[in-house]
Amino acid sequence: MNTFDAYPEVRRLECLDTLEPVVARHMSTPIATWAEQLTNGLDTFSVGEQDFRAYTDIPSDSTDSVVLMTGEHGNSYWAQHNKRMPNPAVVRAHIIRDAIDPNATLAYFSGDALGEPNLHLSPDELKELNKGFLTPISDRIEALIAALPNHSELNRGTGIGMSLGATVLSNLMVFGNTPLNSAVYIEAPNVVERHKRELMKSFMTSGNELAANIALNHDIATSEVAAEHAKSVDIKSVRGVLGMGIFGVGLLALPTNRALLRPMLTHSLSRQLAVSIKNGHNVVHAWGTKANVSPVSGNRAIRDRFNDDPLYDSFEFFGQHADHSLTNVYSVMGALARHAAR
């Protein structure tokens, strides 16, 4: 099935035909090349007395634009099942950057994963997160962008937040000091009020279509990246039977990731979009209808509130694979990001 047959809602956007070649080029790149790319781009940054890790890529002929990716819950830089392979989220970040502007500076900010501590939060910072405050995360992202060697040249940018990353990004767009002037929020969990247990259950039962969505990116027979990504799904989800359950249990074993559940319950996307749009930011808001991490009812209420604003656009995906894992369909993510930037 063609990607845009599975997700026809994006067909109203322009230049979709230019996205598939971008995806194919990156998905055909050997794993060894991606590993070298990640090794060269992954660096340690500082905020106060705390160090953290993040990935950046600055083209030699970079423009005045930055593309910021804020990672999902429990995501990482290196693949969890194979530490010699970059997490496919790094490949996705490059695809999205190239969909917007191949000469833009890329900054990918991820969190902690099993065996890969990246945030290095202090005990006091963990307490802040447990109270619902995202300041320790926002401070790190601001420090990351400020540390870029071309920071003074960056005048505009697009943030892409998926799942937890959408919660982080919505807070940053309101309270942060960055060049970002457009944002994409995909499968944001902070659209309704609910109990922590309900949110945890949703995370662990909302990825049954992950293997199908990965398969839309490239033929695993001709792509090392696609084959390894598919293998990781088999390992984590027992061929889809358990969805993202095993993955969810693993990520919630980490104190940082447990603490990050609280902000997803307390930060209202609707309230933060109201401020962001008032400040002149372009907003693209998207969700699937086959899972409950980002409940349909909450997303539709937000759409109804902002639908008449020219700075806002929304996409509701109805396809059979449109659960929380739709964020793994790279050409669709690239299309949404390009739409927000333009």
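How many of the twelve residues of helix 7 are buried? Eleven are, so the helix is mostly covered (buried means under 20% relative accessible area, exposed over 50%, partly exposed in between, with a 1.4 Å probe and protein chains only).

## Basis

This is a predicted model, in which local features need pLDDT of at least 70 and side-chain atom pairs count only at pLDDT 80 or more, while totals for chains, interfaces and linings use all residues. Residues are numbered from 1 along each chain as its sequence is written, and side-chain values use heavy atoms, with hydrogens and water left out.

## Helix 7

Helix 7 covers residues 164-175 and reaches 17 Å from its first C-alpha to its last. That is close to the expected 16 Å, where the expected span is 1.5 Å times one less than the number of residues. Helices (H or I, at least four residues) and strands (E, at least two) are DSSP runs, numbered from the N terminus.

Among the buried residues are Leu164, Val168, Leu172 and Met173. The buried residues of helix 7 pack against elements including strand 5 (156-162), strand 6 and helix 14.

Eight strands form an open, mixed sheet in the order 1-2-4-3-5-6-7-8. Its edge strands are strand 1 (42-47) and strand 8 (312-317), each pairing on one side only. Two strands pair if DSSP finds at least two bridges between them.

Strand 6 (residues 182-186) pairs with strand 7 (residues 282-288) in the parallel sense over five bridges. Within this pair, serine 182 stands opposite asparagine 282.

Note on methods. Contact = heavy atoms within 4.5 Å.
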